[in-house]
Amino acid sequence: MTTADLSRVHDVARSAPRPDNSPGQSQKPARDRVAPIAIGLLLWGYAAVALGPLLLMLVGSLRESRDIFDDPLGLPTSLDVSNYRTVWADASFSTFFLNSVIVTVSAVALGTVVSLLAAYPLGRYQFRGAGLLSAYFIAGMMLPIRLGIVPIFYLLASLGLVDSRFGLVLVYAASGIPFSVFVLSAFYRGLPAELEEAARIDGASEFRIFRTVMLPLVRPAIATVVLFQLVPLWNDFFFPLVLLRSTEKATIPIGLTQFFGQFQTDWAVLFAGLVVATVPLVLLFLVATKQIIAGLTAGMGK
Amino acid sequence: MASIEMRGLTKAYAGGVVAVNSLDLTIADGEFFALLGPSGCGKTTLLRTIAGLEQATEGSLLLNGRDVTTAPPGKRDVAMVFQDYALFPHMNVNENIAYPLRIQKVPSAERRAKAEETGAGLGLSELMERRPGQLSGGQQQRVALARAIAYRPQVFLFDEPLSNLDARLRLEARTFLKRLQKDLGVTTVFVTHDQAEALAMADRMAVMESGHIRQIGTPSEVFHRPVNVFVANFIGSTPMNLIPARVGPAGESLVVASTSLPVPTSAVGQLAEDEDVLLGSRPEYTDVSCSEGPGALRGTVAVLENLGATALVSVETGDLSVQAVVPEGEEPAIGAEAWVLPQRQRALVYRVTDGLLVSRAPDESAGAGAAPDAGSATEVASA
């Protein structure tokens with residue numbers, strides 16, 4: 001987790017829908033009426049830049065490689081899904097896909113559970129060394145984890161976890177924890193103390209307060225940290241390249257490299273592979289956007 | 001049901017702030033007791049110490065004779081209603097009410113039924129499936145009460161229970177709470193900064209200032225005989241007139257700006273000549289007349305405030321302003337000459353040196369179980 005992730009947080013927060021001030025709009029001076037249009041144009045322009053390549057990828061995946069070279073921006077002549085068949089069966093993307101799912105989901109689950117528990121005392125209790133412990137977690141965000149690849153490799157080698165999906169899961173889970181702890185502890189801190197005290201007077205134990213009162217209330221934040229862990233892990237090329245060797249353990253980003261030949265690249269099949277890699281993330285964002293925005297605005301705002 | 005006993009209870013914070021200072025107080029079984037004071041006087045800290053949310057630094061706390069000074073909040077058998085109600089936003093009304101029962105491992109069906117029954121008693125039957133966010137302030141308050149009641153604790157603790165309600169609802173809730181407490185008969189301590197609330201609801205009340213209890217007594221005692229200037233100022237919807245005066249010859253009159261006033265009944269025979277005192281007279285117990293009378297202060301009417309059935313008249317006499325409440329229709333005109341006369345039976349005298357009430361009947365002024373602080377009224381009388 002690096003500063004790049006933080007700036008992404010702000011991007012999402014910024015693109016959150018703003019309450020439009022429609023009442024009394026007609027009486028406002030012209031300048032105030034132009035501003036929303038300008039902002040709208042800017043946002044649509046940005047969206048076009050972001051969506052263009054994706055559209056190109058989708059269209060390309062339905063064409064043939066020769067076709068693409070003839071007319072790179074053209075439309076497909078016929079709906080041809082043979083590229084997908086090639087990717088899924090011949091290029092064994094079914095295995096890569098499963099590997100990616102197993103590794104990413106376990107890493108995110110592990111990282112989130114650890115972060116939820118670690119962030120709780122940092123956000124809610126006052127104890128000696130709390131500041132130091134927070135700083136320790138934040139330090140993890142300052143230092144790009146890829147810089148530590150050599151020690152990580154030796155560590156995993158000595159544990160016998162090189163070329164193991166479990167080893168990859170451990171590294172991934174650890175990489176997501178600093179940012180998740182940072183977001184979650186801020187969110188825990190924002191919850192009213194009375195709720196905790198009310199439960200305590202009722203006789204609830206500390207763990208019970210955590211589980212029945214606090215945990216349900218940080219749900220939006222959980223959605224946020226899950227997504228912010230999941231996306232970079234799903235797309236990660238570096239760690240599986242270094243830590244995995246067997247093809248049958250490879251994840252999707254590694255699988256995609258087989259389409260880049262030394263002398264020629266099968267663009268159409270590559271596009272199909274990219275679509276397969278992208279679809280789960282798009283679906284996830286569609287489902288979870290609302291929760292993420294709630295999580296970001298509520299958690300970071302306080 | 002339980003009594004609450006505090007012995008030398010002290011709560012000091014790490015920074016050296018003493019929020020509650022060596023308090024002795026006994027609250028009887030079934031009593032409705034108010035802790036009243038301005039913000040920062042330690043009343044909320046005291047309540048939280050009783051609940052166990054704050055640890056007492058010294059002294060001991062007994063609930064029903066059992067020492068709970070170091071017991072965790074869950075082991076004290078108390079229920080607290082918070083100022084912001086502290087309802088769990090992710091649970092519906094039924095689950096909120098049943099939460100304490102769930103912790104006590106009451107079977108699911110039973111606690112649902114119990115929550116249903118308690119909710120019905122407070123008029124919440126229609127709302128049992130709603131979330132707190134979908135309820136009005138008054139409804140949320142009743143849910144918070146139901147949560148406390150369903151649990152059947154020995155003691156209720158209310159932290160500013162009415163402060164989040166609008167003015168009209170507050171009056172209704174006041175009556176409702178008082179009746180509820182009488183019906184249940186559970187010992188109840190509530191914290192408020194609103195003197196009208198404390199006077200209206202409490203069986204007995206303690207007025208607190210900077211960690212000390214200044215007076216303990218029934219609302220009527222506290223209203224009629226505030227033991228010092230602080231309490232006198234704090235209690236009453238219109239502030240008490242405190243008129244600087246000097247004791248006249250032989251201690252038989254009070255001289256205010258060359259006018260000689262009779263010594264109030266409560267202070268007769270207790271004053272020494274030339275002593276500086278404050279003559280305390282509530283506006284409700286101050287008469288205004290358009291003609292001169294013996295022992296009345298002459299002045300001009302400066303302000304008239306309509307209070308509905310009564311009016312508040314401010315009369316300026318010299319550099320003093322004295323307020324009086326008159327029935328509607330009997331207000332003097334603004335700018336007219338008027339004479340104000342504190343009612344002799346009800347007026348009080350405070351010494352300037354220590355701010356304490358001059359009284360010849362000490363037994364009435366200090367309430368039962370009074371703390372040493374409040375007991376200082378006794379010292380005055382014996383002096």
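1. B:A257 sits in the loop of chain B between β12 (253–256) and β13 (259–262); helices (H or I, at least four residues) and strands (E, at least two) are DSSP runs, numbered from the N terminus. Although B:A257 is not a glycine, its phi is positive, about 45°. B:A257 counts as partly exposed because it has 15 C-beta neighbours inside 10 Å (buried means 20 or more other C-beta atoms within 10 Å, exposed 12 or fewer, partly exposed in between, with C-beta atoms placed from the backbone).

2. Please keep in mind that this is a predicted model, where local features need pLDDT of at least 70, side-chain atom pairs count only at pLDDT 80 or more, and totals for chains, interfaces and linings use all residues. Residues are numbered from 1 along each chain as its sequence is written, while chains are lettered from A and ligands numbered from 1 in the order in which they are written.

3. B:N64 is another non-glycine with a positive phi, about 55°. Look for B:N64 in the chain B loop between β4 (58–63) and β5 (66–67).

4. In chain A, A:S164 lies in the loop between α7 (149–158) and α8 (165–190). A:S164 and A:L244 are 80 residues apart in sequence, yet 6.5 Å apart in space, C-alpha to C-alpha.
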